[in-house]
Amino acid sequence: MSRLFFMLARWPLGLLHPLGAALGWITYALSPSYRHRLKAHTDQVGLSTSQRWSAVAHAGRMVAELPRLWARPAGVKLGDRVRWTHPEVVDLALAKGKGVVLLSAHQGCFEICAQAYAERFGAQQPITALYRPAKQAWLARILEHARNREHLHTAPATLTGVRQLLRALKSGQTLGMLPDQVPPEGLGVWAPFFGKPAYTMTMVTKLAYQTGASLVWLRGERLGFWQRHKVGADFIVHAQAPGAALVEAVRLGDPAQSAIALNREMEAMVMQCPQQYLWGYNRYKQPKADMLTSPPTKGAA
C-alpha cells in the first residue's frame, strides 16, 4: 500500500481529482450508511441536489489528493500553488505574541492549512497540529514523514499530546486543530450545530482562555481544473478573524457559550463553500473515551 501511495504522489491533481471524484461516487453507491448520513446532513441544511452531488465528488477528491500532500518530499515547497486571502489576519494574531490557535473544519483541503501556514509563517512562529495516530502501520509511517515538516510539528491525541500542545502555546507558538472533530467523553459539551446537538470540544477555547492566545479560522479551498489554470494555484487558504461573540465567550471562560459561538462561526464558514464540507462525517455521534486514554500507535509521530 505504501508503494501505491508514493506512486500516486507523483500524479498531477488533474488526474487525482477525477479519480477521487469517481471514488467518492463509488463509496456513496456501495455504502448505505454513508449515503443515508450524507443525504440527511445535506437535507438538514437545505443544500440543493446539485450541491449534494458536488459534495459526494469533493469527498473523494479530498482522499485522492492526500498522496501529493503527505508524500511530498520535504524539500519541495508549496510555493505559488497555494494562494492566501487576508493573510494579514494571521500577521495581526502573531503580532500579539501570545500564541495562535488555527481552526479549520473538515472542509475542502483542510490538510493544506497547516502546511501552508508552516511555509509562510513558520519561520516566525512554528505550528504544532493535533492528530489521531493511524492504526495501520504503513499509514503511520507515511504520516510520520508527511506531518512533521520544517516548522510543522504534530502532537498525538493523547494526554502526552495535549501536554505538548499546552507547552507549545504557553511558549507563544501556534496550534492547529479541527474543532468539528468529536472529542472524547468528558472533554466537550453538547451545543447546536446546524440545528442539532453535537458534542463539541472545549479544549480549543480553554487553551485560548488559559494562555490569552488568539483564534484564527483557516479554510483550504480546493480549486477546480479551470480555476487552477486561471488563478495559477491549486488551493486557496482563506484566513478569517473570530467574531465578537466567540471572543467574548473565550474571555469569560464559559465553555458552554464558547462551544455555541464556535459552532455558529463554523456553520457560517461551512456555508461559504458547502459543497466542500465532509457532510458524510458522523458529526453527531456519541463521544467515546478512547483518545486520551490510549497510547500513541507504535511508529506514529
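Predicted model: local features only at pLDDT ≥ 70, side-chain atom pairs only at ≥ 80, totals over all residues.
Let me begin with strand β8, residues 214-222, where nine of the nine residues are buried, so the strand is largely enclosed by the rest of the structure. By buried I mean under 20% relative accessible area, calculated with a 1.4 Å probe on protein chains only, and strands here are DSSP runs of E with at least two residues, while helices are runs of H or I with at least four, both numbered from the N terminus.

Residues are numbered from 1 along each chain as its sequence is written, and side-chain values use heavy atoms, with hydrogens and water left out.

Returning to β8, the residues S214, V216, L218, G220 and R222 point one way, and L215, W217, R219 and E221 point the other way, all of them buried.

Which strands pair with β8? Strand β2, residues 100-103, runs parallel to β8 and is joined to it by four bridges, with L102 standing opposite V216, while β9 pairs with β8 in the antiparallel sense over six bridges, and there G220 has V237 as its bridge partner. Two strands count as paired if DSSP finds at least two bridges between them.

These strands belong to an open sheet of seven, in the order β1-β9-β8-β2-β5-β3-β4, with mixed pairing. Strands β1 and β4 stand at the edges, each with a single partner strand, so one side of each is left without a neighbour in the sheet.

Strand β1, residues 82-85, has V82 and W84 on a covered face and R83 and T85 on an uncovered one.

That brings us to the largest nonpolar core, which has 81 residues, and W84 and L218 are among those with the most contacts inside it, as is I112. Such a core is a set of buried Ala, Val, Leu, Ile, Met, Phe, Trp, Tyr and Cys residues joined through side-chain atoms within 4.5 Å. Helix α7, residues 111-121, gives the most to this core, with seven residues.

Finally, what does I112 touch? Leaving aside residues up to four places away in sequence, I112 touches L69, L78, V82, G220, F235 and V237, where contact means heavy atoms within 4.5 Å.

Methods: Buried < 20%, exposed > 50% of the residue type's maximum accessible area, 1.4 Å probe, protein only.
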